[in-house]
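Open the model in your viewer and keep the selection panel at hand. The tour goes from salt bridges to a sheet and then to a cavity.

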Amino acid sequence: QVQLVESGGGSVQAGGSLRLTCTASVYMPERLGVGIGWFRQAPGNEREGLAIIQFDAAGIAYADSVRGRFTISRDSIKKTVYLQMDSLKPEDTGMYYCATKSGGPYFSLNPSDYSNWGQGTQVTVSS
């Protein structure tokens with residue numbers, strides 16, 4: 001069973017950038033049904049899906065809240081998926097998680113369609 005580890009969080013001022021990293025414990029094959037998503041959870045809020053990258057054809061989708069500001073990408077050799085976050089806003093503050101897609105529609109960002117969650121990395125954006 002794959003294990004995921006997130007890193008790269010920190011504190012930044014509004015308008016700044018961060019790059020989060022999600023590293024898998026094993027190689028994930030480039031085939032249909034294999035994908036990784038990034039999620040965010042702020043205190044008192046539900047976990048929110050932000051972006052997904054599918055491994056079969058590098059299909060990518062974003063939530064409206066981050067489209068145009070965040071970019072998801074992967075390095076198959078390093079078993080890593082990145083989330084480049086630019087033009088950060090205070091409302092982007094929260095714990096960021098990655099997880100493997102385990103069901104649901106192809107571009108689902110519903111947390112219930114994911115498993116193998118990492119421990120999370122904290123992002124704090126100050127105004």
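Is Glu 48 buried, partly exposed or exposed? Select Glu 48: at 29% relative accessibility, this residue counts as partly exposed. The classes are buried under 20% relative accessible area, exposed over 50% and partly exposed in between, with a 1.4 Å probe and protein chains only.

Some ground rules before the next stop. This is a predicted model, where local features need pLDDT of at least 70 and side-chain atom pairs count only at pLDDT 80 or more, while totals for chains, interfaces and linings use all residues. Residues are numbered from 1 along each chain as its sequence is written, and side-chain values use heavy atoms, with hydrogens and water left out.

**Salt bridges**

The term requires a side-chain nitrogen of Lys or Arg within 4 Å of a carboxyl oxygen of Asp or Glu. Arg 40 counts as buried, at 6% relative accessibility.

Now select Asp 92 and Arg 69. They form a salt bridge, with the closest N and O atoms 2.8 Å apart. Asp 92 lies in the loop between S8 and strand S9 (94-101), and Arg 69 in the loop between strand S6 (60-62) and S7, so the pair ties together parts 23 residues apart in sequence. Strands here are DSSP runs (E, at least two residues), numbered from the N terminus. Asp 92 is buried at 1%, and Arg 69 is buried at 11%. Show Arg 40, Glu 48, Arg 69 and Asp 92 together: a network of salt bridges links them.

Next, pick Arg 67 and Asp 64. Their salt bridge is 2.5 Å, N to O. Arg 67 is partly exposed at 48%; Asp 64 is exposed at 65%.

**The sheet**

Switch to cartoon. An open sheet of four strands runs in the order S1-S3-S8-S7, with antiparallel pairing. Pairing takes at least two DSSP bridges between two strands. Strand S1 (4-7) and S7 are the edges, each pairing on one side only. Four bridges join S1 to strand S3 (residues 18-24). Select Ser 7 to find Thr 21 of S3 opposite.

**The cavity**

Which residues line the largest cavity? Select Ala 24, Val 26, Tyr 27, Met 28, Ile 36, Phe 55, Arg 74, Asp 75, Ser 76, Lys 79, Thr 80 and Val 81. Strands S7 (70-75) and S8 (80-85) each give two or more residues to this lining.

Note on methods:
On a 1 Å grid over the protein atoms alone, a cavity is a set of points where a 1.4 Å probe fits but cannot get out, and a pocket is an open set with protein on both sides within 12 Å along at least five of seven lines; lining residues have an atom within 4 Å of a point.
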